[in-house]
Amino acid sequence: LEKLDLQGTIEVGEITVKNLKSTDIKLTIFGKDGKIKIDPIIASLYQGSLDGAVELDTATKKPVISIKKSLSSFMAGPFTADLLGKEQVNGIAQFDIDMKSTGLTPDTIMRNLNGKGSFRFNDGAIAGINLGLLLRKAIAKINNQPAPADEPLKTDFALLEGSFIAKDGIIENQDLGLMSPAFRVSGEGKANLPEMSLDYLVIAAVAGTAEGQGGKGLDELKDIPVPVRRKGPFSDIEPSIDTQKLYEMLAKSKVEKETKKIEQKAKQKIEEKLGDKLDKKVTDKLKGLFGR
């Protein structure tokens, strides 16, 4: 590669790389003194469009590869099915990445991957987890009730987005956001690419109406953030809830609600008895008392 001196274009009708299929590829390539640049890279990928650039520097002791790519409006379901062997998420997706690595084989490049990126999915679903069913099962266990009937393992969403940083093949995300008819979700965690494993914590809050997909029967969880952990290999990630922690949160919520009711009734009775005799000074003191 160091002796290459080239300039040209490459066009491919259809290609499969690491089980990912792409069509209508066009590359413009330059190479000299061990440095190869492919810019732009244009292709159709899963009904979306790919636009990017790749640079390879083989003049160094360890070859350095730089990748900048924007993948827009593609179908995430078939993409993740081909990439991971199992559909993990679907919807209309957007990815932007700016990465660097060393090495020439896919496995070495993955282990040495560093950089950043962002993602956004619209109108889709996360496969393998039904958040509403998971929460209802936890509540049933706490209340010693029969477990609810099984439902399809997916959680619908209107929007799923976040950003990530890669360091030595480990992808870390701290700002996951998911919006759905029934839930508001935040999350953070890590994906280990060399080991193909995930360790991720999701904090789910039931939306005010709790009437959307999966939200029925979750009224008592309103305003209570519930931690859900997903941990394991990409091929078999099992979500779990700490039921003891959830029980403590439910008990605390009930105490707070009952205390508030008692305070409101006491305040109402005092105001009814004193009526117009309450001057502003006394009212302020009562407010301070109930505030404590």
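**Figure 1. Burial and overall make-up of the protein.** Of the 292 residues in this predicted model, 37% are buried (buried means under 20% relative accessible area, exposed over 50%, and partly exposed in between, with a 1.4 Å probe and protein chains only). The secondary structure comes to 5 helices and 13 strands; helices (H or I, at least four residues) and strands (E, at least two) are DSSP runs, numbered from the N terminus. Among contacts with a separation of 6 or more, 49% link residues 24 or more positions apart (contact means heavy atoms within 4.5 Å). Residues are numbered from 1 along each chain as its sequence is written, and side-chain values use heavy atoms, without hydrogens and water. As the model is predicted, local features need pLDDT of at least 70 and side-chain atom pairs count only at pLDDT 80 or more, while totals for chains, interfaces and linings use all residues.

**Figure 2. Helix H1 and its cover.** Here is H1 (residues 76-84), with Ala-76, Gly-77, Phe-79, Thr-80 and Asp-82 buried. The cover over these buried residues includes strands S2 (20-32), S3 (35-45), S5 (64-75), S6 (89-102) and S7 (114-127).

**Figure 3. Thr-155 in strand S8.** Thr-155 belongs to S8 (residues 154-167). Because its relative accessibility is 5%, Thr-155 counts as buried. Its side chain reaches the backbone nitrogen of Leu-131 at 2.9 Å.

**Figure 4. The hairpin of S12 and S13.** With 4 residues between them, S12 and S13 form a hairpin. S12 (residues 226-233) runs antiparallel to S13, and 4 bridges join them (two strands pair if DSSP finds at least two bridges between them). Opposite Glu-238 of S13 you will find Lys-231. In a regular strand, side chains alternate between the two faces of the sheet. On S13, Pro-239 and Ile-241 make up the covered face, and Glu-238 and Ser-240 the uncovered one.

**Figure 5. The second largest pocket.** This pocket holds about 290 Å³ of space. A pocket is an open set of points on a 1 Å grid over the protein atoms alone, where a 1.4 Å probe fits, with protein on both sides within 12 Å along at least five of seven lines; lining residues have an atom within 4 Å of a point. There are 18 lining residues, and Gly-128, Ile-129, Leu-153, Glu-238 and Pro-239 are the closest to the centre. Helix H3 (131-142) and strand S13 (238-241) are the elements that give two or more residues to the lining, and H3 gives the most, with 3.

Conventions. Grid points are joined across faces, edges and corners, and a volume is the space filled by probe spheres set on the points. A polar contact is a pair of N or O atoms within 3.5 Å; within protein, one must be able to donate a hydrogen and the other to accept it, and residues adjacent in sequence count only if both atoms are side-chain atoms.
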